Amino acid sequence: MSNKHLDPAGVKVAIFGLGFVGLPLALSYALRGCSVTGVDVDSHLVEQLNSGITHHLEKYQETPIQQILKEQLSSGKFRATTDSAEALANCSFFVMTVGIPVVNNEHDFSHIESCSRTIASGLKKGDLVLVRSTLVPGMTRNFVRPILEESGLKAGEDFYLAYSSERIAEGKAFDEFENMPTLVSGFNDASREKARQLMGIVTKAELHLASSIEAVESAKVMENISRDVNIAMVNEFARFCEGIEIDIFEVIKLANTHKRVKLLMPGPGVGGYCIPNALHYLTPKADELGVPLKLLRTARKINEDVPAFVVSMVTKHLPVAPRDAKVAVLGLAMKDYSSDDRLSPALEVIKLLEMSGIKVAAFDPAVPTEHSFKVNSLEEAVQDANAILVLAKQNGIGYSNYRLFKSLMSQAGAPVIVDTKNLYNRTEVEEQGFIFNSI
């Protein structure tokens, strides 16, 4: 295997999709000296990025992504565009980061298909197409490749085709692109080697070369599903602990003193784009093969049911009837310290609260998405509320501002705090005069 490295100064790379993966990846290449063109179909997003505006909560070595974006725009190493033809003409390395939405358990392959056709329209001999999206195993070879070959060029002969799974956690993207061990596969050995060289510009950690694209596609899906299953297990444990009136967070802390045990933490559900969708990337091939995946399907159902359990924790302690109640929700993001509320369990919890007749006022200063129930301050959220429900940790929320809570919350019975994130000490909360419950 060649150990050849690419000179970043001579690398022109186009990143297709400028979301939570694509933007920090594009800026990671720009930081190393590559010339990077970010391509996205959202003209408003492109306009914002070229103005130095992003709502992502990322940083690299303590430098916020907003500053990195502005610096790379000024240096000319990065720019965003909707003009894919220009990007295709000027670059020879193309990275796909667009996703596959799952709606009602049905896949929407249109983004992957559209991106593949766009790249095919300008594909040139010697170009590398590197797919970094999470796919149904087999899709790179059997779905993406045929579309790319509509260009008249052949994968492995005229152009390089490779797959490398994305493994970052939002909020740690720059660090994990650099330091997370990374899997690399290719349509043939030459494609894999070309991808290794491109990945090696950013990744300092070990690059694990796989025997096939399908092995890496499958590994990525299984990584995500394993977390879904482990979270489902601790959510079941949480129900048990509530039944015998002990603290699940204490139990987990005790269990994790065992050197071979590492339980995750329960919460209000499983959110974000990756984990809730992971099973649905595996089931099409599993159904084709006749593999039932009983455990995995059960775990997904357990996690889907958690928001309803959280609502029951709130309603059973309300001092007034649900139709007369107001609940202040603190945190809307799909996970702690995130600006992303895609598939956030908080949204499902709020939907169920509103369906029960409860008025909801939610505060999360980091999430830019507009919602009818969202308010602009902690004061607005807790004003006349009967209960506070914590669904995500976030900077800029005064979770323990008991004086404010007491002055603004409803006086119709003892106010309630329901904690799904292990933020509070029960004794302290109860001494302040609140009814307390935790997941």
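## Contacts around Thr420

Contact here means heavy atoms within 4.5 Å. The model is predicted. By that cut-off, Thr420 touches Phe249, Pro266, Gly267, Pro268, Val310, Leu389, Val390, Leu391 and Ile439, with residues up to four places away in sequence not counted. Thr420 sits in the loop between β16 and α16 (426-431).

Is Thr420 buried or exposed? Its relative accessibility is 0%, so Thr420 counts as buried.

## The five-stranded sheet

β16 belongs to an open sheet of five strands. The order is β14-β13-β15-β16-β17, and the pairing is parallel. β14 (359-363) and β17 (435-438) stand at the edges. Each has a single partner strand, so one side of each is left without a neighbour in the sheet. Neighbouring strands are turned by 20 degrees against each other on average, direction ignored.

β15 covers residues 387-390 and β16 covers residues 416-419. Four bridges link them in the parallel sense. Ala387 has Val416 as its bridge partner in β16. Strands of a sheet pair through backbone hydrogen bonds, either parallel or antiparallel.

## Helix α10

Phe249, one of the residues touched by Thr420, lies in helix α10 (residues 248-255). Which residues of α10 are buried? They are Ile248, Phe249 and Ile252. Seen down the helix axis, the buried residues of α10 fall within an arc of 100 degrees, so they line one face of the helix. An α-helix has 3.6 residues a turn, so residues three or four places apart point the same way.

The face turned away from the buried side carries Lys253 and Leu254, both exposed. Helix α9 is among the elements that cover the buried residues of α10. The N-terminal end of α10 is capped by Asp247. A side-chain oxygen of Asp247 lies 2.9 Å from the backbone nitrogen of Phe249.

## The eight-stranded sheet

There is also an open sheet of eight strands, with mixed pairing. Its order is β5-β2-β1-β6-β9-β10-β11-β12. The edge strands are β5 (78-81) and β12 (207-209), and each pairs on one side only. The twist averages 25 degrees from one strand to the next.

Strand β1 (residues 12-16) is mostly covered, with four of its five residues buried. Five bridges join β1 to β2 (residues 35-39), and the two run parallel. Within that pair, Lys12 has Ser35 as its bridge partner in β2. β6 (residues 93-96) and β9 (residues 128-131) also pair in the parallel sense, over four bridges. Here Met96 stands opposite Val131 in β9.

## Helices across the sheet

Two helices lie across strands of this sheet. Helix α8 (residues 189-199) lies across β6, β9, β10, β11 (182-186) and β12. Its angle to β11 is about 145 degrees.

Met139 lies in α6. How accessible is Met139, and what does that make it: buried or exposed? Its relative accessible area is 6%, and the cut-off for buried is under 20%. Met139 is therefore buried. Met139 touches Ile100, Phe109, Ile112, Val144 and Glu217, not counting residues up to four places away in sequence. Met139 and Ile213 are 74 residues apart in sequence, yet 9.3 Å apart in space, C-alpha to C-alpha.

## Nonpolar cores

Which residues have the most contacts inside the largest nonpolar core? They are Phe94, Ile119, Val129 and Leu148, in a core of 44 residues. Helix α9 (residues 213-243) gives the largest share of this core, six residues. Another core lies apart from it, with 38 residues, among them Leu23, Leu25, Ala162 and Ile201.

Val129 touches Phe94, Met96, Ile119, Leu123, Leu148, Phe159, Tyr160, Leu161 and Ala162, again not counting residues up to four places away in sequence. One of these contacts, Ala162, is listed in the core of 38 residues.

Conventions. Residues are numbered from 1 along each chain as its sequence is written. This is a predicted model: local features need pLDDT of at least 70, side-chain atom pairs count only at pLDDT 80 or more; totals for chains, interfaces and linings use all residues. Side-chain values use heavy atoms; hydrogens and water are left out. Two strands pair if DSSP finds at least two bridges between them. Axes are lines fitted to C-alpha atoms, for helices over the stretch in contact, and angles run from 0 to 180 degrees between N-to-C directions. A nonpolar core is a set of buried Ala, Val, Leu, Ile, Met, Phe, Trp, Tyr and Cys residues joined through side-chain atoms within 4.5 Å. Buried means under 20% relative accessible area, exposed over 50%, partly exposed in between (1.4 Å probe, protein chains only). The arc is that of the directions from the helix axis to the C-beta atoms. A polar contact is a pair of N or O atoms within 3.5 Å; within protein, one must be able to donate a hydrogen and the other to accept it, and residues adjacent in sequence count only if both atoms are side-chain atoms.
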